[in-house]
Amino acid sequence: MSDPSHYVAGPVAALRRIAFLLERAREDTRRIQAFRSAAAVILPLPDDEVAARAEQGTLTDLAGIGPSTAAVIADACRGVLPERLARLEAEQAGPLVPGGRELRALLRGDCHSHSDWSDGGSPIEEMAITAMELGHEYLVLTDHSPRLKIARGLSAERLRRQLGVVDAINEHLGGSFTLLKGIEVDILDDGSLDQTDEMLGQLEVRVASVHSKLAMDRDAMTRRMVSAVRNPLTNVLGHCTGRLVTGQRGTRKESQFDARAVFTACAESGTAVEINSRPERRDPPTRLLELARDLGCLFSIDSDAHAPGQLDMLDYGCERAEEAGIDSDRIINTWPRERLLSWASGR
């Protein structure tokens, strides 16, 4: 039975919240998309038309509205908490892990996120709005670079167009929150970066990651990564081992490299080591996280979100950073926006 308490947020908010909670719980993407698509269908419609359709039982006549989403809309229109939402709030709301709460409260933003311009599932605007709702002061948009064709990586021209979209969003928001211009740029075989220096120079934060030839010879991989992290255009070394420990994509072994050499290069050049918060990655592994800590590296606790609900996965990274005893001032996304940007441009 639905909770009979009065629900005032409206049907679009109910659909978005259900999708958020499902994404946060890593549920099936197609099922989640049904709720986001339904929200997009009714968003431009007048409230009285949606309410009339809910009353008449004709919501499913609209393309993109099925029985499950129609039931949510109908309940919300009547001011009743939808049953699906009530169940998810009971099961999924609250911290994802018990630890890291103090550190989580100190985070001001997230330096690694994806939109539907590459392999993310939602528009840039939806990612920005959700980050705002989570209390972020900023979110770095880091869609993929061109070589990663399977992820619809951005050519220089597409990236240039995206920067215009980011400017328009920020102008609309009026300074209450800032969407920062970024990229997750591939580290190529020789350690160079998969985007022109001209375009990289127009960005505010750059995450560099290895996505190909993850089983490369240890010495070659070490040279590749050291070259990349010493590049002045690199700000953050993303998911350094490339491992997968669980999840729908299966598991994948760590890349082999001289971690001491790579993290020493990070510490010397001021490149932050990412603590990737996705539970299927847990990257770096604990022994490497502790080595980077001991060598004096900076860190960035990132969600690597490919959907709005995944932005809340920062909980996982915060718990790991707390367990490793990493001082909060060494974590770049605890910094105010201006300090972050000054550091990133100074690289």
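Gln-310 counts as buried because its relative accessibility is 12%, where buried means under 20% relative accessible area, exposed over 50%, and partly exposed in between, with a 1.4 Å probe and protein chains only. This is a predicted model, in which local features need pLDDT of at least 70 and side-chain atom pairs count only at pLDDT 80 or more, while totals for chains, interfaces and linings use all residues. Residues are numbered from 1 along each chain as its sequence is written, and side-chain values use heavy atoms, with hydrogens and water left out.

Gln-310 sits in the loop that runs between strand 7 (299-302) and helix 13 (314-323); helices (H or I, at least four residues) and strands (E, at least two) are DSSP runs, numbered from the N terminus. Leaving aside residues up to four places away in sequence, Gln-310 touches Glu-23, Arg-278, Ser-303, Asp-304 and Ala-305, contact meaning heavy atoms within 4.5 Å. The Gln-310 side chain also reaches the backbone nitrogen of His-306 at 2.8 Å.

## The faces of helix 2

In helix 2, the buried residues are Ile-32, Phe-35, Arg-36, Ala-38, Ala-39 and Ile-42. Viewed down the helix axis, these buried residues fall within an arc of 150° and so line one face of helix 2, the arc being that of the directions from the helix axis to the C-beta atoms.

The buried residues of helix 2 pack against helix 1 (11-24), helix 3 (47-56), helix 4 (67-77), helix 5 (83-92) and helix 7 (124-133), whereas the face turned away from the buried side carries the exposed residues Thr-29, Arg-30 and Ala-40.

Definitions and conventions
Polar contact = N/O pair within 3.5 Å; in protein donor to acceptor, adjacent residues only side chain to side chain.
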